[in-house]
Structures are given as C-alpha cells and as structure tokens.
Amino acid sequence: MNIEEIYLRHVDTIYRLCHMYLKNPDDAQDATQSTFEKLLVRKEPFESTEHEKAWLIVCASNLCKNMLKHWYRSKRTDVEEMAVLPAKETPHDETLALLYELDEESRRLVYLVYYEGYRITEVAKMDGVNESTLRSRLARAREHLKLALEEDEE
Amino acid sequence: MTKKDLLGAFETLTPDRETKKKMLLALEEKASKPAARRLPFWGGAVVVAVAFLLLWIVVPKGDWFVPKAGTEMVQSPEALQEEADVVSAPRADATSAPTESEEETKMGATPASAEEPAEKQTITNEYAEGEFWIMEIEGVEDLDALIYLIPEDAVLIGSGDTFLKYKVGEEIWEIKIEDGLTRLIKPLDE
C-alpha cells in the first residue's frame with residue numbers, strides 16, 4: 001500500500017470534506033492529516049479505489065465530528081472576543097456562506113452528492129443510514145440553498 | 001443558485017499545491033517514525049493500583065498502617081496472645097502495686113521484678129526437709145509466674161515442662177511440679 005499514491009489520489013476530496021465540516025482551513029488541514037495517519041496503521045488492503053475513497057470519507061467524517069465536539073468544549077469564545085479576531089482564510093463566497101448555514105451532516109451530504117457524484121444509496125450504505133432519511137435531509141438542504149437542480153442523484 | 005455556483009464554491013475549498021505538499025511532508029515524517037506504543041487497557045489499571053499503593057504508603061495513615069499490617073501477617077495467633085499477655089501484665093502491676101509509679105511501669109516492669117504474687121497463687125506450706133527448704137504453692141498454671149520467688153541475680157540453668165532450675169550464687173534453686181503439687185526447693189539457709 002503506497003501511502004503517497006493514495007494521498008495524492010484523495011487529498012482534495014478529504015480536505016474539502018473536512019472543510020465542509022470544520023469551516024476552517026487550519027482545522028481542515030489537521031483533520032486531513034489525521035485521516036491519512038489513520039491510513040498508516042491500517043493493515044488490511046483495500047478492495048478497490050472506491051473502497052479506499054469510501055473508507056477515507058467515513059474516517060475523515062468521524063474525525064471531524066470528534067474535532068467538533070472537542071472544539072465545542074475547548075474553543076468556546078465570547079462573541080465580544082470574536083469581534084477582534086482576525087478574519088479566517090476561508091474564501092468568502094455567498095454560496096459557501098449559505099452552505100455553512102446548513103448543519104454539518106447536510107453540508108457533507110450536499111458535497112458528496114453534488115460534487116463527488118455519489119448516489120443517495122451509496123451514501124446511505126457508507127454511513128449505515130436509512131435512504132429516506134438522507135433524501136429528506138437533502139431536500140431540506142436544497143430548499144435552503146434554493147437550488148435549481150434536476151433530480152440527478154438517483 | 002445553480003449547480004455551477006455550488007460546484008464553484010466547493011472548488012474554492014480545494015487545497016493549494018503548497019498546502020498539499022506540507023501535509024504530505026508531515027505525513028511522511030509521521031510514517032518514518034515507529035508507531036507509538038500505546039499502553040494496553042490493563043496497563044492503565046496497574047498504573048492506578050501502583051499509584052494508590054504509593055499514596056497509601058506515603059500518607060501518614062498509610063505509613064502507620066503498613067508496618068503494623070506486616071507484623072500482624074507474620075505473627076501467629078499464639079505469638080499475638082503472648083504479646084497481649086506481656087502488654088497486660090504491667091497494667092495489672094500498676095493497679096495492684098500502688099507504690100510503683102506509672103513511669104516505672106512504662107519503662108518495662110515485668111512480673112520478674114514485681115514484688116507481689118499473682119492473686120491465684122498461694123503458698124500453702126513451707127518446711128525443711130533434709131538440707132532443703134521447700135515451699136508448696138497452689139494455683140500455679142505457669143511455672144514462669146513463680147519467678148517473683150527467685151532472686152533477681154538468679155540464672156536459669158535448666159527448664160522443662162514440669163521444672164525450672166536456677167543458679168543463685170553458688171546455690172541451685174528448683175521449681176517443679178510433682179504429683180500435681182508445685183514446689184520451690186532451695187538449700188536450707190545455714
């Protein structure tokens with residue numbers, strides 16, 4: 001298992017996914033690195049590139065969720081303090097701002113379906129979640145984003 | 001919002017070449033190091049147990065308890081009983097001998113130096129027989145309890161279940177049980 005090859009194959013996907021969760025480039029970097037570090041200790045080979053990608057996505061998602069929990073505990077800041085903090089490096093974009101208004105699971109779902117091209121059934125299988133749950137979650141997200149998209153996720 | 005807008009927004013999140021290289025270098029550095037050995041679950045329990053033990057020994061209460069617990073584990077019930085007897089004897093002396101100060105009792109006065117016999121023992125008969133003076137005593141359960149009858153400079157030269165033999169100066173004194181009767185036999189004073 002060549003780590004560098006796998007890294008180069010999936011780093012963009014994983015980094016964007018982490019960014020979707022954490023809304024912050026520094027934390028996204030940390031989470032991406034941690035995800036690939038998990039890969040270092042994995043001993044079983046992957047069945048395919050798709051399996052490899054799905055494993056990394058699930059691993060990164062779990063790490064980000066843990067980081068968010070930790071972030072909530074350790075980095076809570078008063079609103080007054082936040083006003084004097086320097087602006088984050090996150091690209092300013094209206095679409096991103098709208099995306100960030102969604103809850104983290106919906107953001108992840110929109111990213112996986114619309115950008116990575118996963119089907120709802122595939123995401124449901126990956127997460128072990130009911131398909132209908134994901135469908136309604138995606139519908140709500142689309143409503144929020146006022147997204148004029150064709151039903152191409154089937 | 002169109003799908004194009006959405007894809008464009010996601011695209012802006014793609015890391016630049018420098019960031020990717022930085023992450024890859026960190027990953028390679030991590031890969032080159034041996035994996036950190038994590039303490040197994042039971043290892044944590046052992047560490048906690050050892051810490052508790054150390055704390056128990058270090059705190060005054062633990063310091064007091066541990067040596068005593070060790071002694072108790074070594075001593076047999078008989079030895080403990082003997083120890084209890086030794087401890088209780090001076091107290092009995094202190095109450096029965098009002099002339100003896102408490103300080104003297106603390107300094108280790110034992111039945112050997114006591115002036116008075118135990119309550120149950122009574123000298124029932126004294127007589128001369130040949131060149132010996134014989135005292136008959138009742139209520140003796142332990143020959144050692146008669147040591148108050150022997151001078152302090154006496155040296156024990158023989159002992160058995162039924163007799164104790166002392167050398168007092170040039171004389172030989174003997175305490176022995178015969179036919180259920182305890183006798184102190186010493187040379188007749190000239």
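Six bridges join strand S4 (residues 163-168) of chain B to strand S5 (residues 171-178) of chain B in this predicted model. The two strands run antiparallel. Within the pair, B:Phe163 has B:Lys176 of S5(B) as its bridge partner. S4(B) and S5(B) form a hairpin, with two residues between the strands. There, B:Gly169 takes a positive phi near 65°.

S5(B) also pairs with S6(B), through five bridges. The direction is again antiparallel.

Strand S6 of chain B covers residues 181-187 and is joined to S2(B) by six bridges. S2(B) and S6(B) run antiparallel. In this pairing B:Trp133 stands opposite B:Lys186 of S6(B). B:Trp133 is also the bridge partner, in S2(B), of B:Ala128.

Seven bridges link strand S1 (residues 122-129) of chain B and strand S2 (residues 132-138) of chain B. These strands are antiparallel. B:Asn125 has its bridge partner in S2(B), namely B:Glu136. S1(B) and S2(B) make a hairpin with two residues between the strands. In that hairpin B:Gly130 adopts a positive phi near 65°.

Taken together, the strands of chain B build an open sheet of six strands. The order is S1-S2-S6-S5-S4-S3, and the pairing is antiparallel. S1 and strand S3 (155-159) of chain B are the edge strands. Each of them pairs on one side only. From one strand to the next, the twist averages 20°. In a regular strand, side chains alternate between the two faces of the sheet.

Chain A was examined through its helix packing. Two packed helices are described by the angle between their axes and the distance between the axes. Helix H1 (residues 3-22) of chain A packs against helix H6 (residues 104-115) of chain A. The angle is about 150° and the axes lie 8 Å apart. An angle over 145 degrees counts as roughly antiparallel, so H1(A) is roughly antiparallel to H6(A). The crossing of H1(A) past H6(A) is right-handed. H1(A) contributes A:Arg16, A:Leu17, A:Met20 and A:Tyr21 to the contact. H6(A) contributes A:Glu104, A:Arg107, A:Arg108 and A:Tyr111. By class, the contact of H1(A) with H6(A) has four nonpolar, no polar and four charged residues.

H6(A) also packs against helix H8 (residues 131-145) of chain A. Here the angle is about 90°, with the axes 9 Å apart. H6(A) and H8(A) are therefore roughly perpendicular to each other. On H6(A), the contact is made by A:Glu105, A:Ser106, A:Leu109, A:Val110 and A:Val113. On H8(A), it is made by A:Leu134, A:Arg137, A:Leu138, A:Arg140 and A:Ala141. The contact of H6(A) with H8(A) has six nonpolar, one polar and three charged residues.

The contact between the chains takes 28 residues from chain A and 21 residues from chain B. On the side of chain B that touches chain A, helix H1 (3-11) and helix H2 (17-32) of chain B each supply at least two residues. H2(B) gives the largest share of that side, eight residues. By class, the side of chain B that touches chain A has 13 nonpolar, four polar and four charged residues.

The predictor gives the complex an ipTM of 0.77 and a pTM of 0.52. The mean pLDDT of chain A is 82, and 80% of its residues reach 70 or more. In chain A, the pLDDT is below 50 over residues 150-154. That stretch has four contacts in the model beyond near neighbours in sequence. Chain B averages a pLDDT of 73, with 64% of the residues scoring at least 70. Over residues 90-115 of chain B the pLDDT is below 50. Beyond near neighbours in sequence, this stretch of chain B has 24 contacts in the model.

Conventions:
Residues numbered from 1 in each chain as written. Chains lettered and ligands numbered in written order. Contact = placed C-beta atoms within 7 Å. Helix = DSSP H or I, 4+ residues; strand = E, 2+ residues; numbered from the N terminus. Nonpolar A, V, L, I, M, F, W, Y, C, P; charged D, E, K, R; others polar. pLDDT = per-residue confidence, 0-100. Pairing = 2+ DSSP bridges. Axes fitted to C-alpha atoms, helices over the stretch in contact; angles between N-to-C directions. Parallel < 35°, antiparallel > 145°, perpendicular 65-115°, else oblique. Left-handed = near helix turned anticlockwise from the far one by under 90°.
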